[in-house]
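Subject: The structure, and what turned up in it

Hello,

Here is the structure for you to open on your side. My notes follow just below it, so please read them with the model in view.

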Amino acid sequence: MSMVSVNLTQVSVACDPFTGTPRTVRAMGDAFAVLAVERVRDETKAYPLGVGPRTVFVVRTATARLRLAFGHRDRRWRSE
């Protein structure tokens, strides 16, 4: 498996209401179920001024491994 770099795109993410972890990712017209959350990086204490605080999740779906970033200022999900 190889990592492919993609442009920053906005995605729609459905989260678990109790833990806040991603459960389903909608991108490019398709819905992907999250099989596992591999990594969580909390960047709320130290972050670039232009980006703002965010939390980064690395998740695995049936077809891909995605890096999702939740921006706390604008409350949006992005795929990196």
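Leaving aside residues up to four places away in sequence, Glu43 touches Pro53, Arg54 and Val56, where contact means heavy atoms within 4.5 Å. Please keep in mind that this is a predicted model, in which local features need pLDDT of at least 70 and side-chain atom pairs count only at pLDDT 80 or more, while totals for chains, interfaces and linings use all residues. Residues are numbered from 1 along each chain as its sequence is written, and side-chain values use heavy atoms, with hydrogens and water left out.

Back to Glu43: it sits in strand S4, residues 30-43. (Strands are DSSP runs of E, at least two residues, numbered from the N terminus.) Glu43 counts as buried because its relative accessible area is 8%; buried means under 20%, exposed over 50% and partly exposed in between, with a 1.4 Å probe and protein chains only.

Which side chains make polar contacts with the side chain of Glu43? One is Arg41, at 3.0 Å, and another is Arg54, at 2.6 Å. A polar contact here is a pair of N or O atoms within 3.5 Å; within protein, one must be able to donate a hydrogen and the other to accept it, and residues adjacent in sequence count only if both atoms are side-chain atoms.

Strand S4 also holds Ala33. Ala33 is partly exposed, because its relative accessibility is 48%. Its C-alpha atom is separated by 25 Å from that of Glu43, 10 residues apart along the chain. Not counting residues up to four places away in sequence, Ala33 touches Arg23, Arg60, Thr61 and Ala62.

Now to the aromatic rings. There are two aromatic pairs, using rings of Phe, Tyr and Trp (its six-membered ring) whose centres lie within 6.5 Å; planes under 30 degrees apart count as stacked, over 60 as edge-to-face and the rest as tilted. Phe57 and Trp77 make a tilted pair, with 5.7 Å centre to centre and 40° between the planes. This pair links distant parts of the chain, 20 residues apart: Phe57 is in strand S5 (residues 54-61) and Trp77 in strand S7 (residues 76-79). Phe57 is buried at 7% relative accessibility, and Trp77 is buried at 10%. Phe70 and Trp77 are also a tilted pair, at 5.1 Å between centres and 50° between planes, and both residues are buried. Together, Phe57, Phe70 and Trp77 form one aromatic cluster.

Definitions and conventions
Helices (H or I, at least four residues) and strands (E, at least two) are DSSP runs, numbered from the N terminus.
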